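Hello,

Here is the structure we talked about handing over. Please open it alongside these notes.

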Amino acid sequence: MGLSALVAFFLLLASIVSSTVPPAHFSSSEILGKAIEASGGADALRGINGISYHSYLYRTQSLEESKTPGIPDTGVASSGSETISYDFSGNSSEVVQRIDKTYTLGNFWNFARPNLDPVDVSIVVHGGSAGYGCYVKGNEHIFNDPSSAFGYTDGFLADVLVRDALRLSPKLLLQLQANSQSTSAESITYHETEPFPAVTDKSLKITVIFDPESFLPYLVRSYEDHLIFGRSTNDYVLTNYTEIGGIKFPRLVQIMYNENSLLLHSLRDTITINPTFDFGFFDGIPLSQIGSTFSLSPPSAPVLSTEYGAARVFENNGNLVWYGPYPGSLANLTVTRPVPELPNLYHLDFEGSIYTCTVGVFDDSVMVTDAAPHQSKLVIKWVQEQLHRKVTHLLVTHHHHDHNYGAVDFVAAGATLVVPEDYTYYWQAIPGVKFETVAEGKPFKHKDSGMQVRAIWHNKFVHADDWMYFVWTTACPRADSPMVATIADAWSPGFIGYEFDHLLASQYLDLAREDHMPHDYLVVPIHGTPHNVTDLYELLGYAYPKYVTTDFLPGGHLC
(Lines give C-alpha, C1' and ligand atoms only; values in the text may rest on other atoms or scores of the structure.)
Protein backbone atom coordinates (compact mmCIF):
# COMPACT_ATOMS: atom_id res chain seq x y z
CA MET A 1 0.00 0.00 0.00
CA GLY A 2 1.36 3.42 -0.96
CA LEU A 3 1.96 6.31 1.39
CA SER A 4 -1.02 8.24 0.06
CA ALA A 5 -3.29 5.33 0.89
CA LEU A 6 -1.87 5.16 4.41
CA VAL A 7 -2.45 8.85 4.93
CA ALA A 8 -6.00 8.46 3.71
CA PHE A 9 -6.44 5.57 6.13
CA PHE A 10 -5.53 7.68 9.11
CA LEU A 11 -7.54 10.66 7.97
CA LEU A 12 -10.50 8.32 8.01
CA LEU A 13 -9.99 7.69 11.73
CA ALA A 14 -11.18 11.17 12.54
CA SER A 15 -14.42 10.65 10.66
CA ILE A 16 -15.33 7.20 11.92
CA VAL A 17 -16.69 8.17 15.30
CA SER A 18 -18.79 10.97 13.81
CA SER A 19 -20.31 8.82 11.08
CA THR A 20 -23.79 8.87 12.55
CA VAL A 21 -26.84 10.43 10.98
CA PRO A 22 -30.13 11.36 12.61
CA PRO A 23 -31.97 8.34 14.09
CA ALA A 24 -34.14 6.28 11.78
CA HIS A 25 -37.88 6.26 12.17
CA PHE A 26 -37.69 3.04 14.23
CA SER A 27 -37.33 3.25 17.99
CA SER A 28 -34.79 1.11 19.82
CA SER A 29 -37.54 -1.24 21.01
CA GLU A 30 -38.84 -1.61 17.46
CA ILE A 31 -35.36 -2.33 16.10
CA LEU A 32 -34.68 -4.88 18.82
CA GLY A 33 -38.07 -6.50 18.26
CA LYS A 34 -37.31 -6.94 14.57
CA ALA A 35 -33.81 -8.24 15.35
CA ILE A 36 -35.00 -10.76 17.94
CA GLU A 37 -37.69 -12.01 15.57
CA ALA A 38 -35.16 -12.30 12.74
CA SER A 39 -32.81 -14.25 15.02
CA GLY A 40 -35.48 -16.85 15.83
CA GLY A 41 -37.76 -15.22 18.37
CA ALA A 42 -37.57 -14.40 22.05
CA ASP A 43 -38.79 -17.83 23.22
CA ALA A 44 -36.12 -19.64 21.23
CA LEU A 45 -33.39 -17.35 22.56
CA ARG A 46 -34.65 -17.71 26.13
CA GLY A 47 -34.50 -21.48 25.68
CA ILE A 48 -30.72 -21.37 25.40
CA ASN A 49 -29.37 -22.57 28.74
CA GLY A 50 -25.90 -23.05 27.37
CA ILE A 51 -24.07 -22.97 24.07
CA SER A 52 -20.70 -23.81 22.54
CA TYR A 53 -19.25 -22.29 19.39
CA HIS A 54 -16.28 -24.12 17.90
CA SER A 55 -14.13 -22.34 15.33
CA TYR A 56 -11.79 -24.53 13.33
CA LEU A 57 -10.18 -21.43 11.85
CA TYR A 58 -8.73 -18.87 14.25
CA ARG A 59 -6.25 -16.19 13.19
CA THR A 60 -5.30 -12.85 14.70
CA GLN A 61 -3.24 -9.92 13.46
CA SER A 62 -1.37 -7.14 15.23
CA LEU A 63 -1.80 -3.42 14.69
CA GLU A 64 0.25 -2.64 17.78
CA GLU A 65 3.33 -4.62 16.68
CA SER A 66 2.98 -4.16 12.92
CA LYS A 67 5.85 -3.73 10.47
CA THR A 68 4.15 -0.94 8.52
CA PRO A 69 2.66 1.67 10.85
CA GLY A 70 -1.13 1.53 10.60
CA ILE A 71 -1.36 -1.82 8.77
CA PRO A 72 -2.04 -5.04 10.75
CA ASP A 73 0.59 -7.01 8.83
CA THR A 74 2.09 -8.99 11.72
CA GLY A 75 0.49 -12.31 12.60
CA VAL A 76 -0.08 -13.17 16.26
CA ALA A 77 -2.08 -16.40 15.95
CA SER A 78 -1.04 -17.67 12.53
CA SER A 79 -3.31 -20.71 12.82
CA GLY A 80 -5.43 -22.25 15.52
CA SER A 81 -8.87 -23.17 16.81
CA GLU A 82 -11.19 -21.85 19.49
CA THR A 83 -14.25 -22.93 21.43
CA ILE A 84 -16.36 -20.29 23.18
CA SER A 85 -18.97 -21.58 25.64
CA TYR A 86 -21.68 -19.82 27.66
CA ASP A 87 -23.64 -20.95 30.71
CA PHE A 88 -27.10 -19.44 31.24
CA SER A 89 -28.39 -22.08 33.66
CA GLY A 90 -27.96 -20.02 36.84
CA ASN A 91 -30.26 -17.42 38.32
CA SER A 92 -27.90 -14.51 37.68
CA SER A 93 -28.26 -12.35 34.60
CA GLU A 94 -24.50 -11.74 34.53
CA VAL A 95 -22.52 -13.26 31.69
CA VAL A 96 -20.64 -16.53 32.28
CA GLN A 97 -18.23 -17.61 29.56
CA ARG A 98 -15.33 -19.97 28.96
CA ILE A 99 -12.83 -19.74 26.10
CA ASP A 100 -10.65 -22.69 25.10
CA LYS A 101 -8.18 -21.94 22.34
CA THR A 102 -4.91 -23.17 20.96
CA TYR A 103 -2.85 -21.47 18.31
CA THR A 104 0.54 -21.27 16.67
CA LEU A 105 2.44 -18.01 16.97
CA GLY A 106 3.61 -16.05 13.96
CA ASN A 107 7.34 -15.78 13.25
CA PHE A 108 7.54 -12.26 14.71
CA TRP A 109 7.38 -13.70 18.22
CA ASN A 110 10.43 -15.95 18.06
CA PHE A 111 12.46 -13.26 19.86
CA ALA A 112 10.72 -14.45 23.05
CA ARG A 113 9.83 -18.01 22.10
CA PRO A 114 12.54 -19.31 19.74
CA ASN A 115 10.65 -22.56 19.20
CA LEU A 116 7.33 -20.70 18.79
CA ASP A 117 5.77 -22.92 21.45
CA PRO A 118 2.02 -23.01 20.82
CA VAL A 119 -0.40 -21.15 23.04
CA ASP A 120 -2.96 -23.41 24.73
CA VAL A 121 -5.25 -21.59 27.12
CA SER A 122 -8.58 -21.83 28.90
CA ILE A 123 -10.12 -18.63 30.23
CA VAL A 124 -13.16 -18.34 32.49
CA VAL A 125 -15.03 -15.02 32.53
CA HIS A 126 -17.74 -13.97 35.00
CA GLY A 127 -19.53 -10.63 34.83
CA GLY A 128 -20.95 -8.52 37.63
CA SER A 129 -19.62 -6.88 40.77
CA ALA A 130 -18.25 -10.26 41.95
CA GLY A 131 -17.00 -11.18 38.51
CA TYR A 132 -13.48 -11.94 37.33
CA GLY A 133 -11.30 -13.23 34.54
CA CYS A 134 -9.19 -16.32 35.15
CA TYR A 135 -6.72 -18.29 33.04
CA VAL A 136 -7.38 -21.78 34.39
CA LYS A 137 -4.91 -23.24 31.87
CA GLY A 138 -1.93 -21.59 30.21
CA ASN A 139 -1.35 -17.90 29.69
CA GLU A 140 -1.07 -15.27 26.96
CA HIS A 141 2.12 -13.55 28.10
CA ILE A 142 4.93 -13.84 25.60
CA PHE A 143 7.68 -13.92 28.24
CA ASN A 144 6.02 -16.57 30.43
CA ASP A 145 6.38 -20.34 30.33
CA PRO A 146 3.45 -21.24 28.04
CA SER A 147 2.50 -24.23 30.20
CA SER A 148 2.04 -22.27 33.44
CA ALA A 149 -1.48 -21.22 34.41
CA PHE A 150 -1.63 -17.45 34.80
CA GLY A 151 -4.57 -17.55 37.19
CA TYR A 152 -6.77 -14.57 37.99
CA THR A 153 -6.33 -11.39 35.97
CA ASP A 154 -6.32 -7.83 37.19
CA GLY A 155 -9.60 -5.93 37.14
CA PHE A 156 -8.71 -3.93 34.02
CA LEU A 157 -8.31 -7.04 31.87
CA ALA A 158 -11.35 -8.61 33.54
CA ASP A 159 -13.40 -5.60 32.41
CA VAL A 160 -12.36 -6.07 28.77
CA LEU A 161 -12.96 -9.83 28.92
CA VAL A 162 -16.47 -9.28 30.32
CA ARG A 163 -17.19 -6.61 27.71
CA ASP A 164 -16.24 -8.95 24.88
CA ALA A 165 -18.09 -11.87 26.42
CA LEU A 166 -21.23 -9.73 26.42
CA ARG A 167 -20.65 -8.67 22.82
CA LEU A 168 -20.66 -12.27 21.58
CA SER A 169 -23.42 -13.54 23.86
CA PRO A 170 -26.40 -15.12 22.03
CA LYS A 171 -28.63 -13.38 24.57
CA LEU A 172 -27.24 -9.89 24.02
CA LEU A 173 -30.40 -8.75 22.18
CA LEU A 174 -32.60 -9.91 25.04
CA GLN A 175 -30.39 -8.04 27.49
CA LEU A 176 -30.63 -4.86 25.41
CA GLN A 177 -34.39 -5.28 25.29
CA ALA A 178 -34.52 -5.60 29.08
CA ASN A 179 -32.38 -2.45 29.42
CA SER A 180 -34.95 -0.30 27.61
CA GLN A 181 -34.31 2.69 29.89
CA SER A 182 -30.68 2.93 28.77
CA THR A 183 -31.05 2.19 25.04
CA SER A 184 -31.44 4.56 22.13
CA ALA A 185 -31.84 4.20 18.37
CA GLU A 186 -29.28 5.51 15.90
CA SER A 187 -28.41 5.30 12.23
CA ILE A 188 -24.73 4.64 11.57
CA THR A 189 -22.83 4.63 8.31
CA TYR A 190 -20.14 1.99 7.79
CA HIS A 191 -17.61 1.92 4.96
CA GLU A 192 -19.45 4.90 3.47
CA THR A 193 -22.59 2.83 2.84
CA GLU A 194 -26.19 3.78 3.44
CA PRO A 195 -27.03 4.17 7.14
CA PHE A 196 -27.52 1.04 9.23
CA PRO A 197 -30.11 0.89 12.02
CA ALA A 198 -28.41 0.62 15.40
CA VAL A 199 -29.16 0.44 19.10
CA THR A 200 -26.80 1.78 21.76
CA ASP A 201 -26.95 0.64 25.38
CA LYS A 202 -25.35 3.33 27.52
CA SER A 203 -25.17 1.10 30.58
CA LEU A 204 -23.28 -1.66 28.76
CA LYS A 205 -21.41 0.78 26.50
CA ILE A 206 -22.23 -1.44 23.53
CA THR A 207 -23.74 -0.51 20.17
CA VAL A 208 -25.31 -3.16 17.94
CA ILE A 209 -25.53 -2.25 14.26
CA PHE A 210 -28.02 -4.28 12.22
CA ASP A 211 -28.22 -5.34 8.61
CA PRO A 212 -30.91 -3.00 7.21
CA GLU A 213 -32.57 -5.80 5.23
CA SER A 214 -32.42 -8.86 7.50
CA PHE A 215 -32.18 -6.99 10.84
CA LEU A 216 -29.65 -9.58 12.00
CA PRO A 217 -26.75 -8.15 14.03
CA TYR A 218 -23.93 -7.11 11.71
CA LEU A 219 -21.57 -5.20 14.00
CA VAL A 220 -21.27 -5.28 17.78
CA ARG A 221 -19.32 -2.16 18.58
CA SER A 222 -17.42 -0.72 21.48
CA TYR A 223 -15.93 2.75 21.35
CA GLU A 224 -12.44 3.16 22.75
CA ASP A 225 -10.23 6.17 23.50
CA HIS A 226 -6.96 5.16 21.90
CA LEU A 227 -4.06 7.40 22.91
CA ILE A 228 -2.47 7.28 19.44
CA PHE A 229 -5.46 6.84 17.10
CA GLY A 230 -7.93 8.91 19.11
CA ARG A 231 -11.59 7.93 19.43
CA SER A 232 -11.76 4.46 17.86
CA THR A 233 -14.23 1.73 16.99
CA ASN A 234 -13.74 -1.90 17.98
CA ASP A 235 -16.24 -4.01 16.02
CA TYR A 236 -17.16 -7.66 16.08
CA VAL A 237 -18.30 -8.25 12.50
CA LEU A 238 -20.93 -11.03 12.35
CA THR A 239 -21.81 -12.60 8.99
CA ASN A 240 -22.48 -15.90 7.19
CA TYR A 241 -25.50 -16.76 9.34
CA THR A 242 -26.78 -20.31 9.63
CA GLU A 243 -29.93 -21.66 11.30
CA ILE A 244 -29.66 -24.22 14.10
CA GLY A 245 -32.66 -25.25 16.18
CA GLY A 246 -34.68 -22.39 14.71
CA ILE A 247 -32.11 -19.78 15.75
CA LYS A 248 -29.78 -17.93 13.41
CA PHE A 249 -26.13 -17.74 14.39
CA PRO A 250 -23.19 -16.08 12.62
CA ARG A 251 -20.49 -18.47 11.46
CA LEU A 252 -17.91 -15.89 10.39
CA VAL A 253 -16.77 -13.75 13.32
CA GLN A 254 -14.16 -11.05 12.80
CA ILE A 255 -12.80 -8.04 14.66
CA MET A 256 -12.37 -4.88 12.63
CA TYR A 257 -10.63 -1.91 14.27
CA ASN A 258 -11.52 1.55 13.00
CA GLU A 259 -13.34 -0.06 10.08
CA ASN A 260 -10.05 -0.79 8.31
CA SER A 261 -7.85 -3.09 10.37
CA LEU A 262 -8.75 -6.79 10.52
CA LEU A 263 -7.52 -8.14 13.86
CA LEU A 264 -9.45 -11.44 14.14
CA HIS A 265 -10.73 -13.90 11.57
CA SER A 266 -12.57 -16.96 12.87
CA LEU A 267 -14.96 -19.39 11.23
CA ARG A 268 -17.33 -21.56 13.26
CA ASP A 269 -17.87 -25.11 12.06
CA THR A 270 -19.88 -26.45 15.04
CA ILE A 271 -22.53 -24.75 17.17
CA THR A 272 -24.06 -26.80 19.96
CA ILE A 273 -27.14 -25.57 21.83
CA ASN A 274 -27.67 -26.73 25.42
CA PRO A 275 -24.67 -29.09 25.63
CA THR A 276 -23.82 -30.94 28.83
CA PHE A 277 -20.88 -29.27 30.55
CA ASP A 278 -18.64 -30.99 33.08
CA PHE A 279 -19.07 -29.98 36.72
CA GLY A 280 -16.92 -26.94 37.46
CA PHE A 281 -16.35 -26.20 33.76
CA PHE A 282 -17.09 -22.50 34.29
CA ASP A 283 -15.28 -22.18 37.64
CA GLY A 284 -12.11 -20.21 38.27
CA ILE A 285 -9.10 -21.71 40.01
CA PRO A 286 -9.86 -22.65 43.64
CA LEU A 287 -8.58 -20.05 46.09
CA SER A 288 -6.47 -22.74 47.76
CA GLN A 289 -4.47 -23.10 44.52
CA ILE A 290 -3.77 -19.42 43.87
CA GLY A 291 -0.24 -19.87 45.18
CA SER A 292 0.61 -22.13 42.24
CA THR A 293 -0.48 -19.58 39.60
CA PHE A 294 1.72 -16.98 37.97
CA SER A 295 -0.35 -13.97 39.05
CA LEU A 296 -0.68 -15.14 42.66
CA SER A 297 -3.79 -12.96 42.74
CA PRO A 298 -7.28 -13.56 44.10
CA PRO A 299 -10.29 -12.82 41.89
CA SER A 300 -10.49 -9.15 40.86
CA ALA A 301 -13.82 -7.66 39.84
CA PRO A 302 -13.97 -5.78 36.53
CA VAL A 303 -12.68 -2.22 36.85
CA LEU A 304 -13.35 0.54 34.32
CA SER A 305 -10.34 2.86 34.21
CA THR A 306 -9.19 5.92 32.30
CA GLU A 307 -5.56 5.31 33.28
CA TYR A 308 -5.72 1.74 31.97
CA GLY A 309 -8.25 2.20 29.21
CA ALA A 310 -9.90 -0.56 27.23
CA ALA A 311 -8.00 0.35 24.04
CA ARG A 312 -4.63 -0.33 25.61
CA VAL A 313 -5.68 -3.40 27.60
CA PHE A 314 -7.47 -4.96 24.62
CA GLU A 315 -4.54 -4.55 22.22
CA ASN A 316 -1.83 -5.43 24.74
CA ASN A 317 -3.58 -8.64 25.74
CA GLY A 318 -4.18 -9.56 22.10
CA ASN A 319 -0.47 -9.04 21.46
CA LEU A 320 0.69 -11.08 24.46
CA VAL A 321 2.24 -8.06 26.21
CA TRP A 322 -0.35 -7.09 28.83
CA TYR A 323 1.59 -7.21 32.11
CA GLY A 324 -1.08 -5.66 34.29
CA PRO A 325 -0.74 -2.32 36.09
CA TYR A 326 2.65 -0.68 35.64
CA PRO A 327 4.96 -1.65 38.56
CA GLY A 328 7.55 1.13 38.36
CA SER A 329 7.88 4.22 40.54
CA LEU A 330 10.38 6.97 41.20
CA ALA A 331 11.19 5.21 44.44
CA ASN A 332 12.47 2.13 42.59
CA LEU A 333 14.29 4.04 39.84
CA THR A 334 18.02 3.54 39.27
CA VAL A 335 19.78 6.36 37.43
CA THR A 336 23.27 6.01 35.98
CA ARG A 337 25.57 7.95 33.67
CA PRO A 338 27.04 5.12 31.62
CA VAL A 339 29.81 7.14 29.93
CA PRO A 340 32.00 9.47 32.05
CA GLU A 341 32.90 11.57 29.00
CA LEU A 342 29.17 12.22 28.44
CA PRO A 343 28.05 13.40 31.89
CA ASN A 344 24.70 14.69 30.57
CA LEU A 345 23.62 11.32 29.19
CA TYR A 346 21.46 9.38 31.67
CA HIS A 347 20.18 5.81 31.75
CA LEU A 348 16.91 5.33 33.70
CA ASP A 349 16.03 1.82 34.83
CA PHE A 350 12.76 1.22 36.72
CA GLU A 351 12.60 -1.90 38.86
CA GLY A 352 9.86 -4.25 37.65
CA SER A 353 9.76 -2.71 34.16
CA ILE A 354 11.39 -4.24 31.08
CA TYR A 355 11.69 -0.80 29.46
CA THR A 356 14.57 1.54 30.19
CA CYS A 357 14.96 5.13 29.10
CA THR A 358 17.80 7.24 27.74
CA VAL A 359 17.81 10.94 28.65
CA GLY A 360 20.15 13.42 27.00
CA VAL A 361 20.43 16.89 28.52
CA PHE A 362 21.56 19.79 26.34
CA ASP A 363 21.93 23.50 27.06
CA ASP A 364 18.66 24.25 25.29
CA SER A 365 16.79 20.94 25.34
CA VAL A 366 16.13 17.60 27.03
CA MET A 367 15.67 14.53 24.82
CA VAL A 368 14.17 11.21 25.85
CA THR A 369 13.92 7.75 24.29
CA ASP A 370 11.26 5.93 24.43
CA ALA A 371 7.73 6.42 25.90
CA ALA A 372 6.54 3.17 27.48
CA PRO A 373 3.01 3.83 28.79
CA HIS A 374 2.71 5.06 32.39
CA GLN A 375 6.51 5.05 32.69
CA SER A 376 6.35 8.08 30.41
CA LYS A 377 4.72 10.13 33.17
CA LEU A 378 7.41 9.14 35.66
CA VAL A 379 10.20 10.13 33.29
CA ILE A 380 8.62 13.55 32.74
CA LYS A 381 8.29 13.98 36.50
CA TRP A 382 11.90 12.89 37.12
CA VAL A 383 13.21 15.42 34.58
CA GLN A 384 11.16 18.15 36.24
CA GLU A 385 12.11 17.26 39.81
CA GLN A 386 15.76 16.28 39.39
CA LEU A 387 16.91 18.35 36.44
CA HIS A 388 14.44 21.23 36.90
CA ARG A 389 13.83 21.12 33.17
CA LYS A 390 11.12 20.13 30.73
CA VAL A 391 11.40 17.40 28.10
CA THR A 392 11.61 19.08 24.69
CA HIS A 393 11.97 16.07 22.36
CA LEU A 394 10.83 12.46 22.35
CA LEU A 395 13.10 10.32 20.16
CA VAL A 396 10.83 7.51 18.91
CA THR A 397 12.69 4.28 18.15
CA HIS A 398 9.60 2.89 16.37
CA HIS A 399 5.82 2.94 16.57
CA HIS A 400 5.19 -0.29 18.52
CA HIS A 401 2.80 0.62 21.28
CA ASP A 402 4.56 -1.17 24.11
CA HIS A 403 7.45 1.25 23.46
CA ASN A 404 5.66 4.51 22.65
CA TYR A 405 1.98 4.42 23.66
CA GLY A 406 3.00 7.07 26.20
CA ALA A 407 3.99 9.54 23.46
CA VAL A 408 0.79 11.44 24.20
CA ASP A 409 2.14 12.32 27.68
CA PHE A 410 5.29 13.88 26.23
CA VAL A 411 3.30 15.81 23.64
CA ALA A 412 0.98 17.09 26.38
CA ALA A 413 4.08 18.23 28.27
CA GLY A 414 5.21 20.22 25.23
CA ALA A 415 7.70 17.82 23.65
CA THR A 416 8.28 17.45 19.91
CA LEU A 417 8.27 13.95 18.38
CA VAL A 418 11.31 12.96 16.33
CA VAL A 419 10.15 10.42 13.71
CA PRO A 420 10.83 9.52 10.06
CA GLU A 421 9.12 12.03 7.79
CA ASP A 422 7.28 9.27 5.90
CA TYR A 423 5.48 8.22 9.09
CA THR A 424 4.30 11.41 10.74
CA TYR A 425 0.77 10.37 9.69
CA TYR A 426 0.77 7.70 12.37
CA TRP A 427 0.86 10.24 15.20
CA GLN A 428 -1.39 12.93 13.74
CA ALA A 429 -4.38 12.15 15.98
CA ILE A 430 -2.45 13.13 19.14
CA PRO A 431 -3.72 16.61 20.13
CA GLY A 432 -1.11 19.33 19.64
CA VAL A 433 1.54 17.04 18.17
CA LYS A 434 4.67 18.64 16.63
CA PHE A 435 7.43 16.96 14.65
CA GLU A 436 11.10 17.06 13.82
CA THR A 437 11.66 14.58 11.00
CA VAL A 438 14.30 12.19 9.73
CA ALA A 439 14.86 10.88 6.20
CA GLU A 440 17.23 8.44 4.55
CA GLY A 441 20.63 10.14 4.58
CA LYS A 442 19.22 13.15 6.47
CA PRO A 443 19.39 12.41 10.20
CA PHE A 444 17.97 14.63 12.89
CA LYS A 445 20.95 16.37 14.53
CA HIS A 446 21.36 18.40 17.70
CA LYS A 447 24.41 19.49 19.68
CA ASP A 448 25.70 21.91 22.27
CA SER A 449 29.17 22.57 23.63
CA GLY A 450 29.44 19.18 25.28
CA MET A 451 27.37 16.55 23.44
CA GLN A 452 25.56 15.77 20.20
CA VAL A 453 22.87 13.32 19.12
CA ARG A 454 21.84 12.00 15.71
CA ALA A 455 18.70 10.04 14.85
CA ILE A 456 19.31 7.53 12.04
CA TRP A 457 16.64 5.93 9.86
CA HIS A 458 17.04 3.45 7.02
CA ASN A 459 14.17 2.29 4.83
CA LYS A 460 14.91 -1.39 5.23
CA PHE A 461 14.72 -2.62 8.81
CA VAL A 462 12.68 -5.80 9.14
CA HIS A 463 11.31 -5.17 12.64
CA ALA A 464 9.37 -1.99 11.78
CA ASP A 465 9.46 0.33 8.79
CA ASP A 466 9.94 3.39 11.00
CA TRP A 467 12.64 1.88 13.22
CA MET A 468 15.49 4.26 14.15
CA TYR A 469 18.57 4.21 16.33
CA PHE A 470 20.19 7.15 18.10
CA VAL A 471 23.88 8.00 18.34
CA TRP A 472 25.38 10.11 21.12
CA THR A 473 28.93 11.42 21.27
CA THR A 474 30.92 14.46 22.31
CA ALA A 475 30.42 17.80 20.55
CA CYS A 476 33.69 17.50 18.63
CA PRO A 477 34.90 13.92 18.93
CA ARG A 478 38.34 12.52 18.23
CA ALA A 479 38.91 9.15 16.63
CA ASP A 480 38.96 7.49 20.05
CA SER A 481 36.11 9.49 21.60
CA PRO A 482 33.24 7.44 23.05
CA MET A 483 30.09 6.79 21.08
CA VAL A 484 26.79 5.48 22.44
CA ALA A 485 23.91 3.91 20.50
CA THR A 486 20.38 3.71 21.89
CA ILE A 487 18.58 0.84 20.17
CA ALA A 488 15.32 -1.03 20.69
CA ASP A 489 14.68 -4.75 20.16
CA ALA A 490 17.59 -5.42 17.79
CA TRP A 491 19.77 -6.35 20.76
CA SER A 492 18.73 -6.39 24.42
CA PRO A 493 21.86 -7.32 26.41
CA GLY A 494 21.10 -8.15 30.00
CA PHE A 495 17.47 -9.01 29.26
CA ILE A 496 18.20 -12.57 30.27
CA GLY A 497 16.74 -15.20 27.96
CA TYR A 498 15.51 -12.65 25.42
CA GLU A 499 18.70 -10.89 24.39
CA PHE A 500 18.22 -10.87 20.65
CA ASP A 501 16.67 -12.22 17.52
CA HIS A 502 19.51 -13.28 15.20
CA LEU A 503 17.94 -11.67 12.13
CA LEU A 504 17.32 -8.30 13.81
CA ALA A 505 20.73 -8.22 15.47
CA SER A 506 22.55 -9.12 12.27
CA GLN A 507 20.59 -6.57 10.26
CA TYR A 508 21.34 -3.87 12.82
CA LEU A 509 25.07 -4.57 12.49
CA ASP A 510 24.73 -4.39 8.70
CA LEU A 511 23.21 -0.90 9.04
CA ALA A 512 25.81 0.14 11.61
CA ARG A 513 28.57 -1.01 9.26
CA GLU A 514 26.94 0.92 6.40
CA ASP A 515 26.95 4.01 8.61
CA HIS A 516 30.56 3.42 9.71
CA MET A 517 29.72 3.14 13.36
CA PRO A 518 33.01 2.60 15.22
CA HIS A 519 34.18 -0.90 16.04
CA ASP A 520 33.90 -0.24 19.78
CA TYR A 521 30.96 1.62 21.30
CA LEU A 522 28.42 1.24 24.07
CA VAL A 523 24.92 0.03 23.30
CA VAL A 524 22.31 1.41 25.70
CA PRO A 525 19.25 -0.75 24.96
CA ILE A 526 15.61 -0.04 25.68
CA HIS A 527 15.41 -3.59 27.08
CA GLY A 528 18.31 -4.67 29.28
CA THR A 529 21.54 -3.05 30.43
CA PRO A 530 24.39 -1.20 28.65
CA HIS A 531 26.97 -3.46 26.97
CA ASN A 532 29.79 -2.98 24.51
CA VAL A 533 28.77 -3.90 20.97
CA THR A 534 31.80 -6.19 20.71
CA ASP A 535 29.82 -8.71 22.79
CA LEU A 536 27.29 -8.87 19.95
CA TYR A 537 30.03 -9.51 17.37
CA GLU A 538 31.09 -12.53 19.39
CA LEU A 539 27.54 -13.83 19.80
CA LEU A 540 26.88 -13.63 16.07
CA GLY A 541 30.34 -14.40 14.76
CA TYR A 542 30.20 -11.07 12.96
CA ALA A 543 33.37 -9.67 11.38
CA TYR A 544 33.19 -5.91 11.82
CA PRO A 545 35.61 -3.31 10.35
CA LYS A 546 37.91 -1.33 12.62
CA TYR A 547 36.11 1.96 12.11
CA VAL A 548 36.67 4.76 14.60
CA THR A 549 34.29 7.42 15.86
CA THR A 550 35.30 10.04 13.29
CA ASP A 551 34.49 7.63 10.43
CA PHE A 552 30.76 7.95 11.16
CA LEU A 553 28.89 8.97 8.00
CA PRO A 554 25.19 9.97 8.44
CA GLY A 555 24.79 13.73 8.63
CA GLY A 556 28.35 14.58 7.69
CA HIS A 557 31.38 15.30 9.86
CA LEU A 558 30.80 15.06 13.58
CA CYS A 559 33.11 17.98 14.26
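This is a predicted model: local features need pLDDT of at least 70, side-chain atom pairs count only at pLDDT 80 or more; totals for chains, interfaces and linings use all residues.

**Aromatic pairs**

Phe-156 and Tyr-308 are both buried (under 20% relative accessible area; exposed is over 50%, partly exposed in between; 1.4 Å probe, protein chains only). A search of the whole structure finds 33 aromatic pairs. Rings of Phe, Tyr and Trp (its six-membered ring) pair if their centres lie within 6.5 Å; planes under 30 degrees apart are stacked, over 60 edge-to-face, and the rest tilted. Phe-156 and Tyr-308 are a stacked pair, with 4.8 Å centre to centre and 25° between the planes. They link distant parts of the chain, 152 residues apart. Phe-156 is in helix H4 (residues 155–167), and Tyr-308 is in the loop between strand E15 (261–273) and helix H6 (310–318). Helices (H or I, at least four residues) and strands (E, at least two) are DSSP runs, numbered from the N terminus.

Tyr-426 and Trp-427 pair edge-to-face, at 5.3 Å centre to centre and 80° between the planes. Tyr-426 is buried at 1% relative accessible area. Trp-427 is buried too, at 1%. One aromatic cluster is made up of Phe-108, Trp-109, Phe-111, Phe-143 and Tyr-323.

Residues are numbered from 1 along each chain as its sequence is written, and side-chain values use heavy atoms, with hydrogens and water left out. The chain averages a pLDDT (the predictor's confidence in each residue, from 0 to 100) of 93, and 96% of the residues score at least 70. Over residues 1–23 the pLDDT is below 50. That stretch still has 42 contacts (heavy atoms within 4.5 Å) beyond near neighbours in sequence.

**Cysteines**

The count is one disulfide (a pair of cysteine sulfur atoms within 2.5 Å). Cys-476 and Cys-559 form it, with their sulfur atoms 1.4 Å apart. The two residues are 83 residues apart in the chain. Their link is left-handed, at -55° about the S-S bond. Cys-476 is partly exposed at 45% relative accessible area, and Cys-559 is exposed at 56%. Cys-134 is buried at 0%, and Cys-357 is buried at 1%.

**Glu-82**

Glu-82 is in strand E4 (residues 77–87). Leaving aside neighbours within four places in sequence, its contacts include Tyr-53, His-54 and Lys-101.

Best wishes
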